[in-house]
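Dear colleague,

Please find below the structure that I am handing over to you. My notes on what was found in it follow directly after.

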Amino acid sequence: SVVRNKMKYKLLAASVLATLSTSALSATYQLTELGDFEAAKHTYVTDVSENGHVIGVANGLYNLPIDISYIDFTDNSIESAYNNEVRTFELSDKEITFTLNDIENNDAIYTNADAHAFMVRFISGLSGNFEYQKISSPVAVKYSSTSAIEQPLFDIASVDYNGLTRSTSNFYNGVAEDGTTVGWGSAPFEKTTFTPDGETVEETWFTRDFIERGILISAGGVEVPLVPEFNEYGGTSKASDIVATDTGYIVVGNVSVGIPTERQTTLTDNCDGLDEPIMACINSFNNNNMNNRGLFNKTAVKWILDSAYNVTSTELLGLALTPKEDEDNNPFISNALAVNKNGIAVGFSNTRYFDRDATILTMPTYFKDGDIVDFISQQDDWQGGKAFAINDNDIVVGYASKGIEGKLRNKLFYHDINTNTTVFPEDYFISSSSYANDINNQGYIVGEGEIGETESTRISEAFIYKIGDDKITNLNSLLPCYDTDGETGFSYKMVEAKSINENNEVFGVATKTVEKRNSLGEVVTDINGNIEYESVAVAVKLSPIPNGEVENCKAPDAEFYERSSASFSWFGLLLLPLVGLRRVYRF
C-alpha cells in the first residue's frame, strides 16, 4: 500500500541517519554566517588560515554593467534572441515588459530587471564571440566578522561605465597565517576598434592582454603578479596555495612552459592580425582547444618568496609522463593545488593509462624532492582524479574516479605518503560521488558527497570524517534540529565543507531560503504582490560546542524516489530547494 511504502522509506531514512558515524565527535556544531556581500546572491569559502583569515568568492552579482553603445539592435542575432524571449514569456502566461527599443533608447537595462536579465543572458551566450562585451559574475572576497570585502585581482575601472569592468575571471585560493593571499585571474577586456584587412569600416572588438595570471597580495595590500617565464601571448600562471615560512613564503600553482609545435604553426597561420585582433584569435584557440587543456603546455610550479615578497626561486615540478615526439599537437598539464609546511605539493598531472600509452588520464599526484608520484592504482580501475590538500603529517586528500553502476563516479580518498597507503572511506552510498577538500593535522577530513538524486540532479551534503572511523558523518546531523524558536526547522543545510582548522572549526557553504531578488537586486513579487523566495548559498563557519550532544532530529515527512539499484535510492531527506550549487573551482 502507499502508506506502507511511505513508512518503509521513512524507516530507511531514519536508519541511514542512525548509522552515520559520530564516534569521533563529542560535540555538536554551532553555525555562524560569515560576512554578507550585499552586491551578490551567493557567497562561498575557499580557504582559511589558522589565525582566522577567511577568503572566498561571491557569485551572482546584481547590476552587472551592460555596454550597449556598440550593439546594432537591428542585427538578426539580437532580434532572434528577443523573439525567443517573447515566446518564453507567453509560455508562462506573461506579457513581456520591454522592447529592444526600450533597451536601446530608454535606459531599460537600468530600470527594468527583465530587460537587464535578457541582456545579461544574451551577452553571456556570446562569450566566445569577441565582438561582444565580456562579463563575469564571480568576485574575490575577504571575510570579516560583519561583512565581505571585494579584493579585485586584475580588474580595473571601466572607461565606459561606473565601477570595475566586471570582465575578469577571479579565483581567490589560498591564505597564509599572516593574511597574505594568493589567487589567479584574467586580464580585463578592453573595448578597441579594428579594421579588417581590405575593409574600410571600423569594427568594435574586445581583447585582453593575458588569459590567466597568478597573484600574491600581502595583508597590507602589496600586489605581486606571478609572471611566467614563457609569456608568449601573455602566457599563463595560477597560484593555488601559500604557506608562510621563517624566511618568507612557499606558493604553488602552475605556469605555461611552451606551446606545442603543431599548435604554434596553426596559430602563426591563423592569428596574423588581418581578419581579427591577434589576442581575440588566441583566446578563441584557447577556449576551443580539445580535451579542455587550453593552448599552452603548463606544469606545476613552486615559487619561493622572501619576506619582502621577492621571488627568490621558481621550481618547475614537471609532469607524470614524458611527451613523445608525435604528441606535439595537444598540450600537457600538471598543477599543484596545495602545499604543506614540509614543502610537499599535491595536485594532479596528465599521465598515461597503465596499459595503453596513447590514452592520457588526469590523476592525483604529489610533488616531493624532484619526484612526481602518481599514487592511485589504475589497475584497480581508477581512471582520474585530483588531490586537493595535504596536512603537515604528509597525508593527502582528494578524489579519484572509476566506473560504478555504469557511470563514472568520484570517490574521496586519503593517502599517507610515509607508508604509501591509500584508503577510500565508505561514503553515503555505493554510487555517491564524494570529495575530500581538506584535512587538519589531527586527521579530520571534510568535504561533500551526494546523498541521493532527483530525476535530473544529484544532491550533495557536507561531511566530516576522522581517519580510522568506519564511515563519514553528515555535518547536518551535528547541527541543531530547530531554529532559536524551538519549532521552526533549522534554516541552513550544509552542502560543502571546504576547510577545517586545528580547533576543528569547519568552514564551508550552506544553503538557506531568502527573499528572491532579480538581476538588479530588487525583491521579486508574484502577480498578487506576494514576495517570492529562493535558496541561496552562504559562506558559514561551524564551531564545536563543548560537551554538546548530537540531537536526534525526527526525520521529516517526504516522498522518496525509488529506482532499481544497489545504492540507496532516497533523495528527499533534509533538502532545501537549491540543488547543484556545488563549488566549480576545481582546477
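The expected span of a helix is 1.5 Å times one less than its number of residues. Helix α5, residues 113-124, has 12 residues and should therefore span 16 Å, and the 16 Å between its end C-alpha atoms agrees with this. Please bear in mind that the model is a predicted one.

Confidence in the prediction

The average pLDDT of the protein is 89, and 89% of the residues reach at least 70. Residues 1-27, however, have a pLDDT below 50, and this stretch makes 43 contacts in the model beyond near neighbours in sequence. Residues 557-585 also stay under 50 in pLDDT, with 89 contacts in the model beyond four places in sequence. I would ask you to read both stretches with these values in mind.

Is α5 largely enclosed or largely open? A residue is called buried when its relative accessible area is under 20%. Nine of the 12 residues of α5 are buried, so the helix is largely enclosed by the rest of the structure. At the start of α5, a side-chain oxygen of asparagine 112 comes to within 2.8 Å of the backbone nitrogen of aspartate 114.

A sheet of four strands

The model also contains an open sheet of four strands, paired antiparallel in the order β1-β30-β29-β28. Its edges are formed by β1 (29-33) and β28 (493-500); each has a single partner strand, so one side of each has no neighbour in the sheet. On average, neighbouring strands of this sheet are turned by 40° against each other, direction ignored. Strands of a sheet in general pair through backbone hydrogen bonds, in a parallel or an antiparallel manner. Here β28 and β29 (residues 506-515) run antiparallel and are joined by six bridges. One of the residues concerned is methionine 494, whose bridge partner in β29 is alanine 510.

The loop between β28 and β29

Which residues does asparagine 501 touch beyond four places in sequence? Asparagine 501 is found in the loop between β28 and β29, and its relative accessible area of 5% means that it is buried. The residues it touches are Glu50, Asn440 and Phe507.

With a relative accessible area of 14%, asparagine 504 is buried.

Positive phi values

Most residues other than glycine have a negative phi. Asparagine 504 has a positive phi, near 60°. Arginine 166 likewise has a positive phi, near 55°. Arginine 166 is placed in the loop between β5 (148-150) and β6 (170-175), and its relative accessible area of 17% makes it a buried residue.

With kind regards

Notes:
Residues are numbered from 1 along each chain as its sequence is written. This is a predicted model: local features need pLDDT of at least 70, side-chain atom pairs count only at pLDDT 80 or more; totals for chains, interfaces and linings use all residues. Side-chain values use heavy atoms; hydrogens and water are left out. Helices (H or I, at least four residues) and strands (E, at least two) are DSSP runs, numbered from the N terminus. Buried means under 20% relative accessible area, exposed over 50%, partly exposed in between (1.4 Å probe, protein chains only). A polar contact is a pair of N or O atoms within 3.5 Å; within protein, one must be able to donate a hydrogen and the other to accept it, and residues adjacent in sequence count only if both atoms are side-chain atoms. pLDDT is the predictor's confidence in each residue, from 0 to 100. Contact means heavy atoms within 4.5 Å. Two strands pair if DSSP finds at least two bridges between them. Axes are lines fitted to C-alpha atoms, for helices over the stretch in contact, and angles run from 0 to 180 degrees between N-to-C directions.
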